[in-house]
Amino acid sequence: MSHIYDIVIIGGGPAGLSAGLYASRAKLDVLVIEKEKFGGQAATTAELENYPGSIENCTGPALVERMRKQAEEFGTTFSKDEIVEVDFFDDIKILKGRKEEYRSKAVIIATGAEYRLAGFKNEIELRGRGVSYCATCDADFFEGLDVAVIGGGDSAITEALYLTKFAETVTIIHRRDSLRAAKSLQEKAFNNPKIKFIWDTVVEEAKGDEILESLVLRNVKTGEISELAVNGVFVFVGLEPKSELFKGKVEMDDRGYILTDRNMKTNVEGVFAAGDVVQKSLRQVITAAADGAVAAVAAEEYINEKFNK
Amino acid sequence: MLEVNKDNFEVEVLNYTEKPVFVDYWGDKCQKCIELMPDVHKLEEKYGDKIKFCSLNTSQNRRLAIAQKVLGLPTMIMYVNGEKAETLTPDKINTVEDIENMIKKFCE
Ligand SMILES: Cc1cc2nc3c(=O)[nH]c(=O)nc-3n(C[C@H](O)[C@H](O)[C@H](O)COP(=O)(O)OP(=O)(O)OC[C@H]3O[C@@H](n4cnc5c(N)ncnc54)[C@H](O)[C@@H]3O)c2cc1C
């Protein structure tokens, strides 16, 4: 029989790392399983200015690396694996990974969210050939070149500002006539001479022979079609929860966000959820970390009641 | 692995015809590329007699990378007689097995 952990956490982003920290400080036997890169989405963002205390060296990768070390120091263990199937039916939960099978008394789902595709023609064909979803990963290719950013939220504007350090021009293409991003970000963007705006417009198609050369745009108010020559386009049009795996196992809303109570409990006993994968109004590093802490403490209470009587 | 750059790319990759050439396009800031690197070196030990292994630092050779139509990292390209025969873009590379599967095809 394989080892039974107190808590297994699926996902090593800010929510999972914070849950690991709290659980290991409570002396629980805890494992964090991550399929790609510890830190999740936060490891891909260059500027993380709104996490309290992260003033110096506030890049995403630096912050999450500190989170990981801190959890490790208190005894959190880590595994590089992808969970592909879960069985929450019995008191002991079973998680099947690509490499191993894991068993635990409680589970915290912290699988986060993923960028959504913008949906224009050739988006997938030109991915990694000028169409990108990660500014920190690809920005330096575009030094001195022209790029576009699709979106009008915080992520889009933050990443557009970052891209101005490399690109010659950054054109923000937004489907509405005003931005949704925080006022302070908007101000920075409006004052940046490298940033231009195209309002009320969506991208219909990406054109290019092997690599992106231009975007076909459509004005949603006038219907007018135009073409914009760019070398790169960065897409930030929102998120989708990574919850496919849990369909039919825990309750979720119609968009796939997992439903929890204030203690991050799902409708299944012993299964908790935290971070971007949960239905809530603000998806940020701070709320993910907070969820993780709450979930870990609730899981600890659950284990004490259920197994240690 | 042979480090190729703007000065030797033509000789070592484009004009090279003895065996297929594999080029690992990476960059200083590409975490995924750096994580894959040791495993790619192991592939060279395994397949090096049939395939020529090269790596190209795009941070130092940006123009060359773009001329080769590489705009995302990591990208892995197989060249046969100086022509691109197969390209793996970043979304197609999850583990080193994806790279190995491409390389194997050129080992006959
Ligand atoms: C470009 C960008 C900029 C941002 N800027 C900011 C900012 O300035 N400030 C801020 O506060 N927030 C910012 N955010 C949001 C912030 O990064 C997220 O809210 C936060 O990372 C959510 O944490 P999480 O742990 O819930 O999920 P994630 O960070 O998404 O982590 C989930 C992890 O789970 C792993 N996983 C998923 N499924 C499995 C599985 N089956 N098996 C194993 N592992 C799995 C994933 O690989 C991932 O690493 C930004 C996000 C983006 C994309």
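How many nonpolar, polar and charged residues does the shell around the ligand hold?

## The ligand shell

The shell splits into 13 nonpolar, 12 polar and 10 charged residues. For this count, Ala, Val, Leu, Ile, Met, Phe, Trp, Tyr, Cys and Pro are nonpolar, Asp, Glu, Lys and Arg are charged, and the others, Gly among them, are polar. Keep in mind that this is a predicted model, where local features need pLDDT of at least 70, side-chain atom pairs count only at pLDDT 80 or more, and totals for chains, interfaces and linings use all residues. Side-chain values use heavy atoms, with hydrogens and water left out, residues are numbered from 1 along each chain as its sequence is written, and chains are lettered from A and ligands numbered from 1 in the order in which they are written.

In total, 35 residues surround the ligand, each with a heavy atom within 4 Å of it. The closest are Glu34(A), Gln41(A), Asn50(A), Asp276(A) and Val285(A).

## Backbone contacts and cover

A backbone N or O atom of Asp276(A) sits 2.8 Å from a ligand oxygen. For Ala15(A), a polar backbone atom is 2.9 Å from an oxygen of the ligand, and for Ala113(A) a backbone N or O atom is 3.4 Å from a ligand oxygen. The cut-off for a polar contact is a pair of N or O atoms within 3.5 Å.

On its own, the ligand has 1,000 Å² of accessible area, and the protein covers 93% of that (Shrake-Rupley method, 1.4 Å probe). Helix 1 (14–25), strand 2 (30–34) and helix 6 (285–307) of chain A are the elements that give two or more residues to the shell. Helices (H or I, at least four residues) and strands (E, at least two) are DSSP runs, numbered from the N terminus.

## Two domains in chain A

Chain A divides into domain 1 (4–114 + 239–307) and domain 2 (117–235), with bounds from an automatic or database domain assignment. Their C-alpha centres lie 32 Å apart. Domain 1 puts 5 residues into the contact and domain 2 puts in 7, counting heavy atoms within 4.5 Å.

In chain B, Leu73(B) and Pro74(B) are joined by a cis peptide bond, with omega at about -10 degrees. Pro74(B) belongs to the loop between helix 3 (62–67) and strand 4 (75–80).

Lys69(B), in the loop between helix 3 and strand 4 of chain B, isn't a glycine, yet has a positive phi of about 65 degrees.

Key: Polar contact = N/O pair within 3.5 Å; in protein donor to acceptor, adjacent residues only side chain to side chain.
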